[in-house]
Amino acid sequence: MKNAFATIIGTSVLTAGIVSMSALSASAASLVGTYSGNDNADPVTYNGVEYNFFGKYDVSGTQVSSGKFTGNQFAINFTSISGNEVKAGTASAGTGAGLFSIKAGNGYALYYTDDLSSISWDTSNRQNKGLSHLSIWQGPGGGPQKEVPEPLTLLGSGLALGFGGMFQKKRNAKKSAK
């Protein structure tokens, strides 16, 4: 029973150490805020990182499937069109972190994402108006850096290995005493 308990404790500590070293990332967009009026092509600073304007897709008049790119090109697809209004879609603007705005009605919503290659948008939270334009700002090779607890990870891994070795040594000593 003591051997089983020691093995379970050692395995649990080792597993906790390994799990703490795993890096999980989320690429979902986070709402930065909603604003009235129009966005502009100026650089945007968010969490201490400056993002440069990348491009703007305008939907004009009744030609919802056509538009113009200001700046660099990016891909856009519409997934919901109601009458002459684009209500939802996806876009891609390369890789890396960035910001994008969804302009609809008399304001826009600004979002942050870790992955500009997969942007999903919906205007239902913008007074359910159709898309006026979608603007994108790219970051300098990444967004705000999240702190990684390296010393604690190393300490946890060292403790896990130490406990595992100690329990194994006790187990081996008991086996050889029999």
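In the predicted model, L159, F163 and M166 form a nonpolar patch on the surface, and together these residues contribute about 260 Å² of accessible area. F163 is situated in helix α2, which spans residues 150–177. With a relative accessibility of 35%, F163 is classed as partly exposed, because that class lies between the limits of 20% and 50%.

The protein contains 2 helices and 10 strands. Read from the N terminus, the order of these elements is α-β-β-β-β-β-β-β-β-β-β-α. Of the 178 residues in the protein, 32% are buried. The protein exposes about 10700 Å², of which carbon and sulfur atoms supply 55%. Among contacts with a separation of 6 or more, 62% are made by residues 24 or more positions apart.

The largest nonpolar core comprises 18 residues, and the members touching the most others are F74, I102, I119, W121, L131, L134 and I136. At least two residues of this core come from each of β3 (49–60), β6 (85–92), β7 (98–104), β8 (107–113), β9 (119–122) and β10 (131–138). When residues up to four places away in sequence are not counted, W121 touches I76, N77, F78, V86, K87, A88, G89, T90, A91, I102, L131 and L134. A second, separate core has 10 residues, including Y46, Y51, A97 and L99. Y46 and Y51 are also linked with Y112 into a cluster through ring pairs.

Aromatic pairs number 7 in the structure. In one of them, the ring centres of F53 and W137 are 5.7 Å apart and the ring planes stand at 70 degrees, so the arrangement is edge-to-face. Because F53 belongs to strand β3 and W137 to strand β10, this pair ties together parts that are 84 residues apart in sequence. F53 has a relative accessible area of 22% and is therefore partly exposed, whereas W137, at 2% relative accessibility, is buried.

The rings of Y57 and F78 likewise form an edge-to-face pair, since their centres are 6.1 Å apart and their planes lie at 65 degrees. Distant parts of the chain are linked by this pair, with Y57 in strand β3 and F78 in strand β5 (residues 75–82), 21 residues apart. Y57 is buried, at a relative accessible area of 5%, while F78 is partly exposed, at 22%. F78 is also among the residues touched by W121.

How values were computed: Residues numbered from 1 in each chain as written. Predicted model: local features only at pLDDT ≥ 70, side-chain atom pairs only at ≥ 80, totals over all residues. Heavy atoms only, no water. Core = buried A, V, L, I, M, F, W, Y, C linked by side-chain atoms within 4.5 Å. Buried < 20%, exposed > 50% of the residue type's maximum accessible area, 1.4 Å probe, protein only. Helix = DSSP H or I, 4+ residues; strand = E, 2+ residues; numbered from the N terminus. Contact = heavy atoms within 4.5 Å. Patch = residues over 30% accessible without salt bridge, like charges linked within 9 Å, V, L, I, M, F, W, Y side chains within 5 Å. Areas by Shrake-Rupley, 256 points an atom, 1.4 Å probe, with all protein chains shown as cover. Salt bridge = Lys/Arg side-chain N within 4 Å of Asp/Glu carboxyl O. Phe/Tyr/Trp six-rings, centres within 6.5 Å; stacked < 30°, edge-to-face > 60°.
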